[in-house]
Amino acid sequence: VRGHDKMGHVSTICNDDVGKDEVNAICREQGYKMGTVADIRDYQPAGRRRKNQDSDLPPYGHTNLSCNSESAAVISECTMKKYGDSEVPCFNGQQLAVRCADEIWSFEVTHMIAQTRTVRGTHHVRGKVMCRVHAQKYGTHLDMKSQVRVGLVSRNEDGLEDIDVNMKFRKKMNIYVGKFKPTDEIKADDCFACIAYLPGTNLYAVGKRGPEDCPDSESHYAGWVADQLD
């Protein structure tokens, strides 16, 4: 977050005492609904790898930003103290940075494709499943390889059955891909479901593929995710 005075000098704001109201005011002024405090290093050319970035940033101009819960204009509806008048120093890395978004959390399976075919001369089916997952917190994408897991199941009236396939994230395609070997336990018209979940939590999203009359029970999905916690 940078400010300009009447002379055109650029300065930064110290993040001391900055909370939810102050961040939301900054983000509303930029046209967003909400936001969260970010790490200033994420907005520097070298990112978090570089330890000393003093020379890249303007000096502190203000500190102790204070807004109310309805503020939407920092200059006219919030107060802050000139940094030169403050008795509390701010150090490098305390420059206020925010990440703005229109929603806190977004998690869904946006696409699911199941390609199956029967092995000639047998009743066995083999195939490939592809699932694309959208997962963002405050507008920032989650790390799909370390923070999100995906499982493949078939749906029936009694519940869900795991399909033995390793869903791997392909970064270049931004999609999870899993292949299952020839088996007589899977049919080409089975009711598939791709379940994306966050390990250690009960948060999940489901992508579905199959006929319109496929069983669809949220309790089955929630139970499956709960089993992954064990």
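A disulfide here is a pair of cysteine sulfur atoms within 2.5 Å. The model is predicted. By that cut-off, the count comes to five disulfides.

**Stop 1: Cys-131 and Cys-194**

Select Cys-131 and Cys-194. A disulfide joins the two, with 2.1 Å from S to S. Where do Cys-131 and Cys-194 sit in the chain? Cys-131 is in strand β8, residues 125-137, and Cys-194 is in strand β14, residues 192-197. The pair links distant parts of the chain, 63 residues apart. Now look along the S-S bond. The torsion is 130°, and the link of Cys-131 and Cys-194 is right-handed.

**Stop 2: Cys-27 and Cys-100**

Next, select Cys-27 and Cys-100. Their sulfur atoms are 2.0 Å apart and form a disulfide. This bond runs from helix α1, which holds Cys-27, to strand β6, which holds Cys-100. The two cysteines are 73 residues apart, so again distant parts of the chain are linked. Is this disulfide left-handed or right-handed? The torsion about the S-S bond of Cys-27 and Cys-100 is about -80°, so the disulfide is left-handed. Cys-27 and Cys-100 are both buried.

**Stop 3: Cys-14 and Cys-90**

Move to Cys-14 and Cys-90. Here too there is a disulfide, with the sulfur atoms 2.0 Å apart. The link of Cys-14 and Cys-90 is left-handed, with -95° about the S-S bond. Cys-14 lies in the loop between β2 (10-13) and α1 (20-29), and Cys-90 in the loop between β5 (79-82) and β6 (98-101), so the pair ties together parts that are 76 residues apart in sequence. Are these cysteines buried or exposed? Cys-14 has a relative accessible area of 0% and is buried. Cys-90, at 8% relative accessibility, counts as buried because the limit is under 20%.

Before moving on, step back to the whole set. With the bonded cysteines numbered in sequence order, the pairing reads 1-5, 2-6, 3-4, 7-9, 8-10.

**Stop 4: Thr-63**

Thr-63 belongs to strand β4, residues 60-66. Its relative accessible area is 0%, so Thr-63 is buried. Which residues does Thr-63 touch, leaving aside neighbours within four places in sequence? Cys-14 and Cys-90 are among them, and so are Asp-16, Met-80, Lys-81, Tyr-83 and Ser-86.

**Stop 5: Asp-17**

Select Asp-17, in the loop between β2 and α1. Check its backbone: phi is positive, about 65°, although Asp-17 is not a glycine. Asp-17 counts as exposed, at 63% relative accessibility.

**Stop 6: Asn-174**

Go on to Asn-174, in the loop between β12 (168-170) and β13 (175-183). Phi of Asn-174 is near 55°, again positive in a residue other than glycine. At 37% relative accessibility, Asn-174 is partly exposed.

**Stop 7: Ala-222**

Finish at Ala-222, in helix α4, residues 218-228. Ala-222 is partly exposed, with a relative accessible area of 35%. The separation from Ala-222 is 7.9 Å, for residues 18 apart along the chain.

Key: Residues are numbered from 1 along each chain as its sequence is written. This is a predicted model: local features need pLDDT of at least 70, side-chain atom pairs count only at pLDDT 80 or more; totals for chains, interfaces and linings use all residues. Side-chain values use heavy atoms; hydrogens and water are left out. Helices (H or I, at least four residues) and strands (E, at least two) are DSSP runs, numbered from the N terminus. Buried means under 20% relative accessible area, exposed over 50%, partly exposed in between (1.4 Å probe, protein chains only). Contact means heavy atoms within 4.5 Å.
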